[in-house]
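Welcome! Take a moment to look at the model below, and then let us walk through it together.

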Amino acid sequence: MGIPTKDLISLSPLSREDIEELFNLADEMKKIIERPVKKVPTLRGKVIANLFFEPSTRTRTSFELAGKYLGADVINFSSSGSSISKGETLLDTVKNILAMGPDLIVMRHSSSGAPHFVAERVEVPVVNAGDGINEHPTQGLLDLYTIRNYKGGLDGLKITIMGDISHSRVARSDIIGLSKFDTEITLFGPRTVMFYDPSPYRVKIARTLEEAVKDADVVMMLRIQRERQSALLIPSIREYSKFYGLSHWKLSLLKEDAIIMHPGPVNQGVELTPEVVYGNRSVIFNQVTNGVAIRMAILYTLLSGEGS
Ligand code: CP
């Protein structure tokens, strides 16, 4: 099936088999990306609307490239400079864009639940490109895909997620996705930005950075989501960096073959130093590359009738 629903709003409805099927499809998409001419006519005649009501570099660009590599036309809408400033509602904005004929909507919004709200009210598939603190399912899939490619699979792995967990839609999608496999997930971060109640998730909470990273096969770092905190929930950025960041000298605490990931954007010098970002443990830029292949697999599945 790949994607068992009309839309991709959350990773929850996807089974392990659905995710593995998307990974196999992404493997095929990677071959297209690696060709000298990166274009196939598979989605020729289809139109994808990228609707971004919140800033993005990686997600928006990779959805645009994914659509174009598959032969679709892609239009980009961002709320800045739109008629939203004149009082147009979210649903009116979407319905007006749909009146121009797109076949699929990719949507990012600062409000948790906004893509779900729209998906229930439109006929075309809606792909959640990140909604508030809720979920970022395509980032979750590309993260799992990257881990699977580096480690040869997901079962049996220990994955540590460190940073601002409670405001991170990436952490939620990663945890939901990883929990469909036989993985051990450890979380670490300041108490003020940890899940208040972690019991819905199959996770362990580490008390120290050493405990968090020492057995990890994968260390996923997150930035402090200042835009989602009314007041900064950590005493100071300098202290955060000292106790919760990874610098070059702290890498000796990790297993030799542990990889370091980050969904971006990185606040260099806060959660990761530049030496770590560009160092040989980092797979951060591979995550970005894999994001295009995964998004091609998602667009193909939803638009070619291979999904629900
Ligand atoms: N990872 C991610 O969502 O990055 P952008 O905000 O740049 O899209």
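Buried residues account for 54% of the 308 residues in the protein chain. Please keep in mind that this is a predicted model.

Let us begin with the chain as a whole. The protein chain holds 10 helices and nine strands. Its C-alpha trace spans about 55 × 45 × 35 Å along the principal axes. The accessible surface is about 13,500 Å², and carbon and sulfur atoms contribute 52% of that. Contacts also reach along the sequence: of those between residues at least 6 apart, 73% join residues at least 24 apart.

In which order do its four strands lie? The order is 2-1-3-4, in an open sheet with parallel pairing. Strand 2 and strand 4 are the edge strands, each pairing on one side only. On average, neighbouring strands of this sheet are turned by 15 degrees against each other, direction ignored. In general, the strands of a sheet pair through backbone hydrogen bonds, in either a parallel or an antiparallel way.

| Strand | Residues |
|---|---|
| Strand 1 | residues 47-52 |
| Strand 2 | residues 73-78 |
| Strand 3 | residues 104-109 |
| Strand 4 | residues 126-131 |

Strand 1 and strand 2 pair in the parallel sense over six bridges. Within this pairing, A49 stands opposite I75 in strand 2.

Two helices accompany the sheet. Helix 2, residues 58-69, lies across strand 1, strand 2, strand 3 and strand 4, and runs at about 175 degrees to strand 1. Helix 3, residues 90-98, packs on the sheet too, where it touches strand 1, strand 2 and strand 3. The direction of helix 3 makes about 155 degrees with that of strand 3.

Is T93 buried or exposed? Its relative accessibility is 5%, and buried means under 20%, so T93 counts as buried. Leaving aside residues up to four places away in sequence, T93 touches F53, F77, I84 and E88.

Notes
Residues are numbered from 1 along each chain as its sequence is written. This is a predicted model: local features need pLDDT of at least 70, side-chain atom pairs count only at pLDDT 80 or more; totals for chains, interfaces and linings use all residues. Side-chain values use heavy atoms; hydrogens and water are left out. Two strands pair if DSSP finds at least two bridges between them. Axes are lines fitted to C-alpha atoms, for helices over the stretch in contact, and angles run from 0 to 180 degrees between N-to-C directions. Contact means heavy atoms within 4.5 Å. Buried means under 20% relative accessible area, exposed over 50%, partly exposed in between (1.4 Å probe, protein chains only). Accessible areas come from the Shrake-Rupley method with a 1.4 Å probe; for residues, only the protein chains shown count as cover.
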